[in-house]
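Here is a friendly walk through one protein model, written for someone who likes to keep the structure open while reading. Please have a look at the fold first, and then follow along.

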Amino acid sequence: MKIHRLTVSEYISENCFIVENEDTKECILIDTGSERERIRNFVKEKGLSVVCILLTHAHFDHIGACDCFDVPIYIFKDEMDILKDNNANLSALFGIKFDYDVNKLNLITLEDGQELEIADMNIKVIHTKGHTKGSVCYLFNNKYLFSGDTLFKGSVGRTDFISGNQAELLNSLKYLIKNLDESIEVFPAHGESTTIGYEKKTNVFCINLQ
């Protein structure tokens, strides 16, 4: 398994991750926020085959290029209405109009605790509401956590947008730091990667929950 980070910035800087099975050359995209042609070119240059897209939540900077491949798109069940509401996904606030029809996307909804087996990788869905009501983290092979806008290196996601809730976010963080091994690597949608252990020791939001 190999993790590629492609920081896209058509709107604001956001990490799109390409998770590759090095044996089969299949890959999973996480949070295709913008710059669809750049994402397509990266995949083509690496000789990869995209099998699906995972969305950690539905804010505009995570969904802008989710039509870049004709593959299933996974999203948590409580986030569907945000995906389809331009006010809730903040695209209207920033004056952004997507050039795809969300109703024509191949959307698959997820449940909390659901486990997926895709491209010979095990993926656990962890509902981490707070930044939005349907935010999730994806735990790959019990080693790598893609945390979206829930947990950043040294910080956490905002809760002042539609469906955000600070108390819920703190509860989600508490779950992560109490249930995940400190060695697990964390790949946020913004900023640098980190580990659960490092955040437990240094992130003020996590320290206060222990």
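Let us begin with a helix on a sheet. Helices (H or I, at least four residues) and strands (E, at least two) are DSSP runs, numbered from the N terminus. Axes are lines fitted to C-alpha atoms, for helices over the stretch in contact, and angles run from 0 to 180 degrees between N-to-C directions.

A word on the source: this is a predicted model, in which local features need pLDDT of at least 70 and side-chain atom pairs count only at pLDDT 80 or more, while totals for chains, interfaces and linings use all residues. Residues are numbered from 1 along each chain as its sequence is written, and side-chain values use heavy atoms, with hydrogens and water left out.

Two strands count as paired if DSSP finds at least two bridges between them. Within this sheet, H127 stands opposite V136 in β9.

There is also an open, mixed sheet of 6 strands in the order β1-β2-β3-β4-β5-β6. Neighbouring strands here are turned by 25° against each other on average, direction ignored. Helix α1 (residues 36-46) packs on this sheet, touching β1, β2, β3 (26-30) and β4 (49-54), and runs at about 150° to β1. In β2, I18 is the bridge partner of H4.

| Strand pair | Bridges | Direction |
|---|---|---|
| β1 and β2 (residues 14-20) | 7 bridges | antiparallel |
| β8 (residues 121-127) and β9 (residues 136-140) | 5 bridges | antiparallel |

E10 sits in the loop between β1 and β2. Leaving aside neighbours within four places in sequence, E10 is in contact (heavy atoms within 4.5 Å) with S34 and E35. E10 and V50 are 40 residues apart in sequence, and their C-alpha atoms are 22 Å apart in space.

Stepping back, the protein chain has 6 helices and 14 strands. Its radius of gyration, taken over C-alpha atoms, is 16 Å, close to the 17 Å that the globule rule (2.2 Å times the number of residues to the power 0.38) gives for 210 residues, so the chain is as compact as a globular protein of that length. The C-alpha atoms fill a box of roughly 45 × 40 × 30 Å, taken along the principal axes.
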